[in-house]
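Dear colleague,

Here is the structure that I promised to pass on to you. Please open it beside this message, and then read on for what was found in it.

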Amino acid sequence: MNVRAAAANVLFQVVDKGQSLSHALPAAQKTIRPRDHALLQEICYGALRYLPRLESITNELMDNPLKGKKRVFHHLILVGIYQLSFMRIPAHAAVAETVEATTQLRGQSLRGLINAVLRSYLRDQEALDEKAVSHNAGKYGHPSWLLKLLQESYPEQWESIIEANNNKAPMWLRVNRQHHSREQYAALLDNAAIDYELHSEASDAIMLSTPCDVTLLPGFDKGWVSVQDAAAQLAVDYLKPNDNELILDCCAAPGGKTAHILEHTQNTEVVAIDSDATRLKRVYENLARLHLHADVICGDARTPKVWWQGEQFDRILLDAPCSATGVIRRHPDIKWLRRGDDIAALAQLQSEILDAMWQQLKPGGTLVYATCSVAPQENSEQIKAFLARTKDATLQDSDPQAPGRQILPGEENMDGFYYAVITKHV
């Protein structure tokens, strides 16, 4: 399939149909040549980052919006404008390939319209771009509810958060210390002429200066290294797993943290639970590549008695379902799939899971609550409420009035993440 046609289909599925980019993009990649996968990804990610700006320009250039069966061609115009605005593809090639996509999308009668719209944009690009960023949505590339949340929650940092959200995420590696120390693996990268930086805190984390195909990484197929953001790698530092313990990774898919716990311990029984059977396939795949074993269970974290009849756990990592507002740079579709009222519903779900998991923790045990969100309702406010209603819980390493640690997007090139460490009275 023509790459632009595939991109238009992806945007249509995400924006109009509410499908996640992580589902729509791989499906579309199967319809195009492997050598075009990176181009398709760049167009789809970029168009979703700057969606309001592209929509504004398109609306200026169209007398009547494309509706119904023609909606996919609206998204094809967005694809064309994104290329002309942000990519180094020669303008004539971008226009020609975008117009040609109408054939595969069965809209040849719209060739003239799409060609005219894109050429009109080229003629008046400066004025149209200026007008498109004259309002907040176009300027910041965030929906109004999220912009308001960031401004109210982070009055001094909201602009830097938005800037980080609109940038491409770096590629972080997690070194499997059962094979190499970070320094030893860094030497392998030196030998392969791959540039990198070491994280100051996450002891297994290496950031590549330029993302690369995992097949180019020394020993990736042997399980020497995995791809995981440095902020997510900090989970193991807060959990502090020991050998010979019984540990639960709750809401574990796709399994990166499960594997990291196992890489840090010996003779430790790790139970990985998630309610999504499809996503659990990724857990099995990751464990197999790394030659690690965990007890993987599909179940609802709110009802542990249904799926667990064993002992209470020494440690629990609760990576709670959340709005994912801390990882927008990796998943720009989150901005358009989430709604403001999702936050309250997620906070209620998190509260129910927290209470259920607390009953599964041994006296003297440690629970680490984590999210990839920046919404206080899901993070510090959630933990405040939990501590207020849970008399045998003690917060570790932070102020109960501002509990836990909030990592903001872009902080030392990390994703946005939240951690709170809570111990259970003996």
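In which helix is the place of alanine 231? Alanine 231 belongs to helix H13, which covers residues 230-239; helices (DSSP runs of H or I, at least four residues) and strands (runs of E, at least two) are numbered from the N terminus.

Before going further, please keep in mind that this is a predicted model, in which local features need pLDDT of at least 70 and side-chain atom pairs count only at pLDDT 80 or more, while totals for chains, interfaces and linings use all residues. Residues are numbered from 1 along each chain as its sequence is written, and side-chain values use heavy atoms, with hydrogens and water left out.

Alanine 231 counts as buried because its relative accessibility is 0%, where buried means under 20% relative accessible area, exposed over 50% and partly exposed in between, with a 1.4 Å probe and protein chains only. Leaving aside residues up to four places away in sequence, alanine 231 touches Ile407, Met414, Asp415, Phe417 and Tyr419, a contact being heavy atoms within 4.5 Å.

Next come the strands. Strand S10 (residues 393-396) has a covered face, made of Ala393 and Leu395, and an uncovered one, made of Thr394 and Gln396. In a regular strand the side chains alternate between the two faces of the sheet. S10 is joined by 4 bridges to strand S12 (residues 417-424), and the two run antiparallel; strands pair if DSSP finds at least two bridges between them. Within this pairing, glutamine 396 stands opposite valine 421.

The whole structure holds 8 aromatic pairs, meaning rings of Phe, Tyr and Trp (its six-membered ring) whose centres lie within 6.5 Å, with planes under 30 degrees apart counted as stacked, over 60 as edge-to-face and the rest as tilted. One of them joins tyrosine 369 and tyrosine 418 edge-to-face, at 6.3 Å centre to centre and with 70° between the planes. Because tyrosine 369 lies in strand S9 (residues 361-371) and tyrosine 418 in strand S12, the pair ties together parts that are 49 residues apart in sequence. Tyrosine 369 is buried, at 0% relative accessible area, and tyrosine 418 is buried too, at 1%.
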